[in-house]
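Here is a short briefing to read with the structure open. Find each residue as you go.

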Amino acid sequence: MPMNSYAFWLARRGNSSAEYEDASAGNDAAGRYAVADGATESCFAGLWARLLVEGFVNGAACEAEPWIASLPALQEQWDADVRGRNLPWYAEPSVKQGAFATFLGFMLTDSPLPYSGEGPGVRASYHWQAIAVGDTCLFHTRGTALLRAFPLEYSNQFDNAPKLVGSRMFAQDIRNRQKLWADGQGQPGDRLWTMTDALAHWCLAEHEAGGNPWSEMESLLPPSPVPGRGAGGEGVNLPSPSGRGAGGEGNSFTQWIEGLRDSGRLRNDDVTLLAIRL
Amino acid sequence: MSYTAEISRNNPTCFLFLVDQSGSMAEQFGGEAGRSKAQGVADAINRLLQTLVLRCAKGEYILDRYYIGVIGYGSEIRWGFPIEALAENVLQPVSAIGGNPLRIEERVKRMDDGAGGLIEQRIKFPVWFEPIAQGKTPMCAAFQAAHGLITDFVGQYPSCFPPIVINISDGAANDGHPGPMSDAIRSIASQDGNVLLLNAHVSARGERPILFPTHDGFLPDDFSKLLFYMSSPLPPAMLHQARILEATVEEGARGFAFNADLASVIMFLNIGTRVDNSAS
């Protein structure tokens with residue numbers, strides 16, 4: 001399954017990197033990727049977001065029910081980690097409530113199609129399946145065309161109360177969240193962009209206004225794909241063999257995001273982008 | 001528009017409590033047997049401080065969206081909390097308040113068990129402020145002290161949500177007429193509006209509490225009326241919030257409470273803490 005994945009992130013302006021509460025993870029061998037956004041109102045939300053993405057990329061579930069069934073083990077890990085800390089009095093009420101995060105995880109599998117030309121053979125194709133809770137989004141693009149947006153499809157669907165997965169939430173409550181699962185078919189050259197809400201909102205708003213956000217993001221990726229994981233942006237949080245951006249300037253993602261923030265088009269929030277080049 | 005500034009670490013606001021600690025605060029509180037006005041006010045302030053800290057708590061950390069101070073007035077002017085770690089400045093960042101209670105008490109709270117009964121739960125109740133009831137009522141001197149602190153704060157954070165000064169008293173000032181000094185406090189302004197001066201009259205009288213009145217008609221004595229006229233009219237956002245909590249609040253209401261019971265005092269003090277809910 002020849003593909004390249006690139007992860008970028010930047011903390012909310014005014015916050016330090018330690019206060020960043022999104023998370024992303026990838027497992028190229030298994031074709032599994034995930035992004036989560038810890039809810040700022042809850043505590044230890046960054047830890048919960050990290051457990052969710054790592055649990056997904058190292059797990060096997062790619063449909064809603066098996067994924068929900070995998071959550072209690074992660075909830076126990078969160079509880080054990082938090083319980084082990086010597087917490088001050090003011091942390092107790094929010095620890096009892098648990099942490100919350102939005103989540104999007106997807107899995108890619110080879111799904112060859114019959115060769116469209118003359119003669120026998122197959123052409124490469126990929127099947128993706130995604131699980132989502134809340135407003136972390138997946139966009140499937142081909143060139144400048146947006147083929148699929150999931151789970152949100154319009155910029156006016158974003159608000160301050162997205163659906164969330166909680167570290168103390170029961171399975172039934174998670175099951176009741178809407179739009180848990182989707183799938184699609186991709187071909188070589190397609191892109192899958194997964195991102196947390198601020199950037200996802202910007203992408204859809206740009207797209208609706210006739211702009212081409214996909215090309216802007218494309219410029220963050222290295223011009224010629226190299227095998228293995230690439231990396232871009234100062235704040236890359238997936239291991240990068242080179243330790244710096246593969247897209248030229250190591251801080252181009254940071255500069256791009258700061259520019260969007262300056263122009264008032266991007267809400268000041270933690271930003272995470274995971275790009276897959278099929 | 002005024003009173004709309006985001007309250008964040010970069011642009012904090014300030015709460016300053018002026019607390020009457022005169023001898024008469026030892027009297028019974030609002031018809032509650034066995035409990036002094038001083039104890040009632042101390043409980044109310046401790047609970048409010050707890051609420052303010054929890055609003056800024058983020059796991060193990062506290063985001064400094066507020067500066068909080070107290071000035072007691074009775075036998076002397078007492079600057080700040082009686083806690084060594086908080087002694088250096090009257091106005092302390094909320095993280096310093098949260099990290100340095102005088103002690104943490106365990107109290108029992110009765111809660112709905114969801115099946116029509118009550119269950120008892122042990123909760124932590126941090127204490128910063130103890131009841132004191134000694135001496136006279138130098139309210140003018142307390143206002144003078146507040147004026148200086150608030151002027152400095154607004155100088156440091158000129159675009160802050162306007163500081164909120166909360167004066168809690170049971171009797172008349174005996175160091176002059178507090179009107180001019182309270183006018184001076186209310187006239188201090190950030191770019192987001194004038195300082196809000198709220199007054200709570202805690203009384204031994206058992207009459208029904210009055211919260212955010214629009215006129216002085218139902219107020220029982222001249223001192224209540226004086227405190228009412230010294231109080232800021234509620235700005236639109238606070239008026240809206242007050243109406244959610246208390247449907248009878250009308251346009252033109254002032255930030256004044258008479259004989260408010262403990263719950264109303266807290267409700268009253270909680271107004272005006274609109275906060276940017278993100279981690280800034």
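A polar contact is a pair of N or O atoms within 3.5 Å; within protein, one must be able to donate a hydrogen and the other to accept it. Keep that cut-off in mind for the serine described below. This is a predicted model. The points cover helix pairs, strands and some backbone details.

**A serine in chain B**
- B:Ser36 belongs to strand β3 of chain B, residues 32-36.
- A polar atom of the B:Ser36 side chain lies 2.9 Å from the backbone nitrogen of B:Gln39.
- B:Ser36 also touches residues beyond its neighbours within four places in sequence: B:Met25, B:Ala26, B:Glu27, B:Gln28 and B:Phe29.

**Two helix pairs**
- Two packed helices are described by the angle between their axes and the distance between the axes.
- In chain A, helix α1 (residues 45-57) packs with helix α2 (residues 64-83) at an angle of about 140°, and their axes are 10 Å apart.
- That angle makes α1(A) oblique to α2(A).
- The crossing of α1(A) and α2(A) is right-handed.
- On the α1(A) side, the residues in contact are A:Leu47, A:Trp48, A:Leu51, A:Leu52, A:Gly55 and A:Phe56.
- Their partners in α2(A) include A:Trp67, A:Leu71, A:Leu74 and A:Trp78.
- Sorted by class, the contact of α1(A) with α2(A) has 10 nonpolar, 3 polar and 1 charged residues.
- In chain B, the axes of helix α3 (residues 139-156) and helix α4 (residues 179-186) come within 9 Å and cross at roughly 20°.
- That makes α3(B) roughly parallel to α4(B).
- Which hand does the crossing of α3(B) and α4(B) have? It is left-handed.
- B:Cys140, B:Phe143, B:Gln144, B:Ala146 and B:His147 of α3(B) meet B:Met181, B:Ser182, B:Ala184 and B:Ile185 of α4(B).
- The contact of α3(B) with α4(B) divides into 6 nonpolar, 3 polar and no charged residues.

**A sheet in chain A**
- Strands of a sheet pair through backbone hydrogen bonds, either parallel or antiparallel.
- Chain A has an open sheet of 5 strands, in the order β1-β13-β12-β8-β9, with antiparallel pairing.
- Its edge strands are β1 (4-10) and β9 (145-150) of chain A, each pairing on one side only.
- From one strand to the next, the twist averages 15°.
- β1(A) and strand β13 of chain A (residues 271-277) run antiparallel and are joined by 7 bridges.
- Helix α7 of chain A (residues 252-262) lies across β1 and β13 of chain A. This helix runs at about 50° to β1(A).

**A hairpin in chain B**
- Strands β9 (residues 103-112) and β10 (residues 118-127) of chain B run antiparallel. They are joined by 10 bridges.
- B:Met111 stands opposite B:Ile119 in β10(B).
- How many residues lie between the strands of the hairpin of β9(B) and β10(B)? There are 5.
- B:Gly114, in this hairpin, takes a positive phi near 80°.

**Backbone exceptions in chain A**
- Most residues other than glycine have a negative phi, and most peptide bonds are trans.
- A:Phe44 is not a glycine, yet its phi is positive, near 55°.
- A:Phe44 sits in the loop between β3 (32-38) and α1 of chain A.
- Is the peptide bond that joins A:Phe150 and A:Pro151 cis or trans? It is cis, with omega about 0°.
- A:Pro151 is placed in the loop between β9 and β10 (165-166) of chain A.

Terms used
Residues are numbered from 1 along each chain as its sequence is written. Chains are lettered from A and ligands numbered from 1 in the order in which they are written. This is a predicted model: local features need pLDDT of at least 70, side-chain atom pairs count only at pLDDT 80 or more; totals for chains, interfaces and linings use all residues. Side-chain values use heavy atoms; hydrogens and water are left out. Helices (H or I, at least four residues) and strands (E, at least two) are DSSP runs, numbered from the N terminus. Contact means heavy atoms within 4.5 Å. Axes are lines fitted to C-alpha atoms, for helices over the stretch in contact, and angles run from 0 to 180 degrees between N-to-C directions. Angles under 35 degrees count as roughly parallel, over 145 as roughly antiparallel, 65 to 115 as roughly perpendicular and the rest as oblique. A crossing is left-handed if the near helix is turned anticlockwise from the far one by less than a right angle, and right-handed if clockwise. Ala, Val, Leu, Ile, Met, Phe, Trp, Tyr, Cys and Pro count as nonpolar, Asp, Glu, Lys and Arg as charged, and the others, Gly among them, as polar. Two strands pair if DSSP finds at least two bridges between them.
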